[in-house]
Amino acid sequence: VQLQASGGGLVQAGGSLRLSCQVSGNIFSVYDMGWYRQAPGKQRELVATVTSGGITNYADSVKGRFTISRDNAKNTVYLQMNSLKPEDTALYHCNAGVQGVWPAIIDNYWGQGTQVTVSS
């Protein structure tokens, strides 16, 4: 199972970016998907998650500015980031719970990360 993230970049404060992360490989089903971020010198923190049924959860710091969504047919999760702030600068990682076809086990997978830099 591989998670391929894309969409990061450099943007000015107040701008927008859209991150994408596609799951591929030995997939029977994809469960919860999410985005986490890690800034230099800080621990990784949750940004947003979405269940297979579309229930979302957000960190307080991004509520009202970020929107997480998913396309189950494409096994892809998105993060629309608006009104970006310099404190949003971090390496953003996607995450997914995936059940394989065989062996039929559920495991947690991480993408390689995509850098988001917001200039003031």
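**View 1. Ser-16 sits in the loop between strand 2 (9-12) and strand 3 (17-24).** The model is predicted: local features need pLDDT of at least 70, side-chain atom pairs count only at pLDDT 80 or more, and totals for chains, interfaces and linings use all residues. Residues are numbered from 1 along each chain as its sequence is written, and side-chain values use heavy atoms, with hydrogens and water left out. Strands are DSSP runs of E, at least two residues, numbered from the N terminus. Ser-16 is partly exposed, at a relative accessible area of 39%. Partly exposed lies between buried (under 20%) and exposed (over 50%), with a 1.4 Å probe and protein chains only.

View 2. A polar contact of 2.9 Å links the side chains of Ser-16 and Asn-82. Such a contact is a pair of N or O atoms within 3.5 Å; within protein, one must be able to donate a hydrogen and the other to accept it, and residues adjacent in sequence count only if both atoms are side-chain atoms.

**View 3. Strand 8 (residues 76-81) pairs with strand 3.** Pairing takes at least two bridges found by DSSP. Here there are 6, and the strands run antiparallel. Leu-19 stands opposite Leu-79. Strand 8 is mostly covered, with 5 of its 6 residues buried.

**View 4. Strand 7 (residues 66-71) and strand 8 are antiparallel, joined by 6 bridges.** Asp-71 faces Thr-76 across the pair.

Conventions
Helices (H or I, at least four residues) and strands (E, at least two) are DSSP runs, numbered from the N terminus.
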